[in-house]
Each structure stands twice: as C-alpha cells, then as structure tokens.
Amino acid sequence: AEPLHQGKAGNLMKAATLLTAAGAAGSLLAGRSRAVAALSGCALLAGSVCTRFGIVEAGIASALDPKYTVVPQRERLNRGERVRYQA
C-alpha cells in the first residue's frame, strides 16, 4: 500500500478523499438548491476520477520499483517455492 500514499498517486488519493467528502457534504446540505447539487455531483465525479488515476499511478510506481517485484520473487525462490506459471 506504500505507493498509494506517496508521490503523485498519494496526492491524487488525498485529492480524491477531499473531493468525495466535499461532494457528500454538499449533497447532504444542498436541500433544493440545484446549483449546490450540481457542484456536489461534480465534486463526487472528480473524486472518482482522482481515485481511478491514483490507483493506476500507484500500480505503475509499484511495477517500476524492484522492491515490489524482484525482491518478493527472490525471497520465494530462496525459500524453495516452485515457480508458478499461469497460461
């Protein structure tokens, strides 16, 4: 979960949390105001977009960092586990 909280992915996930909270609060407090409801919807949409791109960025960062790819593979080989192939 480290890549989700650091760098570009971390910033996107923080923005997603703030936008989602603001959108939820706005939708609860909007009452019959169409403008506030529209802004709340936009904030919720932006929060969703930030979450999606944050997860993608974290996946890319995780795939590029040998700490998350090579090291676990070597540890499994050193323990004598068989290599698993999925076709």
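Predicted model: local features only at pLDDT ≥ 70, side-chain atom pairs only at ≥ 80, totals over all residues.

**Exercise 1.** Work out whether Gly10 is buried or exposed, and say what it touches.

*Solution.* Start with accessibility: Gly10 comes out at 3% relative accessibility, so it counts as buried (buried is under 20% relative accessible area, exposed over 50%, partly exposed in between, with a 1.4 Å probe and protein chains only). Now look for contacts, meaning heavy atoms within 4.5 Å. Setting aside neighbours within four places in sequence, Gly10 meets Pro3, Leu4 and His5.

Residues are numbered from 1 along each chain as its sequence is written, and side-chain values use heavy atoms, with hydrogens and water left out.

**Exercise 2.** Find out which residues Ala9 touches.

*Solution.* Ala9 is in helix H2, which covers residues 7-29. Its relative accessible area is 3%, so Ala9 is buried. Not counting residues up to four places away in sequence, Ala9 touches Pro3, Leu4, Gly54, Glu57 and Ala58. Take Ala58: it is 49 residues from Ala9 in sequence, yet 5.3 Å away in space, C-alpha to C-alpha.

**Exercise 3.** Check the span of H3 and list its buried residues.

*Solution.* The expected span is 1.5 Å times one less than the number of residues. With 31 residues, H3 should span 45 Å, and its end C-alpha atoms are 45 Å apart, so the two agree. Buried in H3 are Ser40, Ala43, Gly47, Cys50, Gly54 and Ala58. Their cover includes helix H1 (2-5) and H2. Zoom in on Ser40: its relative accessible area is 4%, so it is buried, and it touches Gly23, Gly26 and Ser27, not counting residues up to four places away in sequence.

**Exercise 4.** Describe how H2 and H3 pack.

*Solution.* Their axes are 7 Å apart, at an angle of about 160° (axes are lines fitted to C-alpha atoms, for helices over the stretch in contact, and angles run from 0 to 180 degrees between N-to-C directions). So H2 is roughly antiparallel to H3, the label for angles over 145 degrees.

Methods. Helix = DSSP H or I, 4+ residues; strand = E, 2+ residues; numbered from the N terminus. Parallel < 35°, antiparallel > 145°, perpendicular 65-115°, else oblique.
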